[in-house]
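Thanks for coming, everyone. I'll walk you through one chain today. Please have a look at it before I start.

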Amino acid sequence: MDRRARRVLLTGWFSFLHGEVTAGDLLAAQAVQQTLHQAGIAHDTAFSPRFAPRALHLDAADPARYTHLVFACGPLHSRPAPDGTSPLLELHARFARCHRIAVGVSVPDPTDPAATLFDDLLHRDLAGHAPATDLSLHAPAPARPPLLGVILTHGQHEYGPLRRHTTVTRALTDWLPTTRAARLPLDTRLDTRDWRLPATPDELHTLLARLDAVITTRLHGMVLALRAGVPALAVDPVAGGAKVTAQATALGWPAVLPCESVRPRHLDRMLRWCLSAQGRRHAAACAARPAGATVLDDLLGRLHQPPAHPARGSGGAGPQAPHRT
């Protein structure tokens, strides 16, 4: 067949509505795409509408348009999906006139029709045969996007009607998936029993120090990021500004947004600044311990003064009981 007449539809578990989309599967797809592109073979890739709403979806792919169907990565099985259908068996039936090839797949049961109906089976692992390296290892080199830590608060009920936590959290969680970044949920809460949380401040510092920036609505999310020399995009979740804004002012840290200004364009602009060389330099400067007089000096000064209420047994009357009405 003339190479120019070939057209391949690339599929995988990432193509099915109820299929699971994993990083390994997508990297395998990228490896196949790169191979087809370099060989000059025309191809399309079908994605689940849940994962990629604007991409080509399997239902919209016309079988008559393709000479070959390639299924990449994952296990071959005919177990039913939540809707009772078998995605792989339906794929075989719909594209029966295409030459169907499975590549880089696991074959738990060689007699399963999901496997036997392929015209060519280029396995990753199959009992009795030597295994092949996973396709993800052949994918293009990673782009290495920035790593963002996300530290949000849902409490702080002491602010009463001024709380805008729900609105701010919704705005941030809608915006975060649009960032070209890897995102890591974190918490400043410590727990010695839950391995998912740091047990000591030093453990949290180790995590923060490896980030490129922090997105936070917590005072200590901002402060501890800056203590680690990491820029923090802070959003004050209290109407009119409260402790987050006050602390940013005390530190001279400019990347703080009031809850009234949480818009994607403002978040994008502030994140770009945090990830810039200027933002990193400013965060590094904040990492230094505050110079000059501090509230700790004030504390020592007060402790060196005579107590306002002499201790019991020292001849004083001691503190008075509160008057009850």
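**A walk through the chain**

Let me start with a helix. Helix α7, residues 243-251, lies across β9 and β10. Its direction is at about 135° to β9.

A word on what you are looking at. This is a predicted model. The average pLDDT of the chain is 91. At least 70 is the score for 94% of the residues. Now look at residues 321-325. There the pLDDT is below 50.

In what order do the strands of the open sheet run? The order is β7-β6-β8-β9-β10. That is 5 strands, and the pairing is parallel. Which strands sit at the edges? They are β7, residues 182-185, and β10, residues 256-258. Each of these edge strands pairs on one side only. From one strand to the next, the twist averages 20°.

Let me zoom in on β8. This strand covers residues 213-216. On one side, β8 pairs with β9, residues 232-236. The two run parallel, joined by 3 bridges. Thr216, for example, has Ala234 in β9 as its bridge partner. β8 also pairs with β6, again in the parallel sense, over 4 bridges. There, Val150 has Ile215 in β8 as its bridge partner.

Where do the β8 side chains go? Ala213 and Ile215 point one way from the strand. Val214 and Thr216 point the other way. Are they buried or exposed? All of them are buried.

On to charges. Side chains of opposite charge can pair when their charged atoms come close. How many salt bridges does the model have? The count comes to 7.

Take Arg65 and Asp44. They form a salt bridge, with the closest N and O atoms 2.8 Å apart. Arg65 is in the loop between β2 (42-45) and β3 (68-72), while Asp44 is in strand β2. Arg65 is partly exposed, at 46% relative accessibility. Asp44 is buried, at 18%. Arg7 joins in too: Arg7, Asp44 and Arg65 are linked in a network of salt bridges.

Another pair is Asp134 and Arg124. Their side chains meet in a salt bridge at 2.7 Å, N to O. Arg124 counts as buried, at 17% relative accessibility.

One more pair: Arg196 and Asp194. Here the salt bridge is 3.0 Å, N to O. Arg196 counts as exposed, at 62% relative accessibility.

Last, the cysteines. How many disulfides does a search of the whole structure find? The search finds 0. Take Cys259. The nearest cysteine sulfur belongs to Cys274, and it is 18 Å away. Cys259 is in no disulfide. Cys259 counts as buried, at 11% relative accessibility. Cys98 is buried too, with a relative accessible area of 4%.

That's my tour. Over to you for questions.

Notes
Residues numbered from 1 in each chain as written. Predicted model: local features only at pLDDT ≥ 70, side-chain atom pairs only at ≥ 80, totals over all residues. Heavy atoms only, no water. Disulfide = S-S within 2.5 Å. Buried < 20%, exposed > 50% of the residue type's maximum accessible area, 1.4 Å probe, protein only. Salt bridge = Lys/Arg side-chain N within 4 Å of Asp/Glu carboxyl O. Pairing = 2+ DSSP bridges. Axes fitted to C-alpha atoms, helices over the stretch in contact; angles between N-to-C directions. Contact = heavy atoms within 4.5 Å. pLDDT = per-residue confidence, 0-100.
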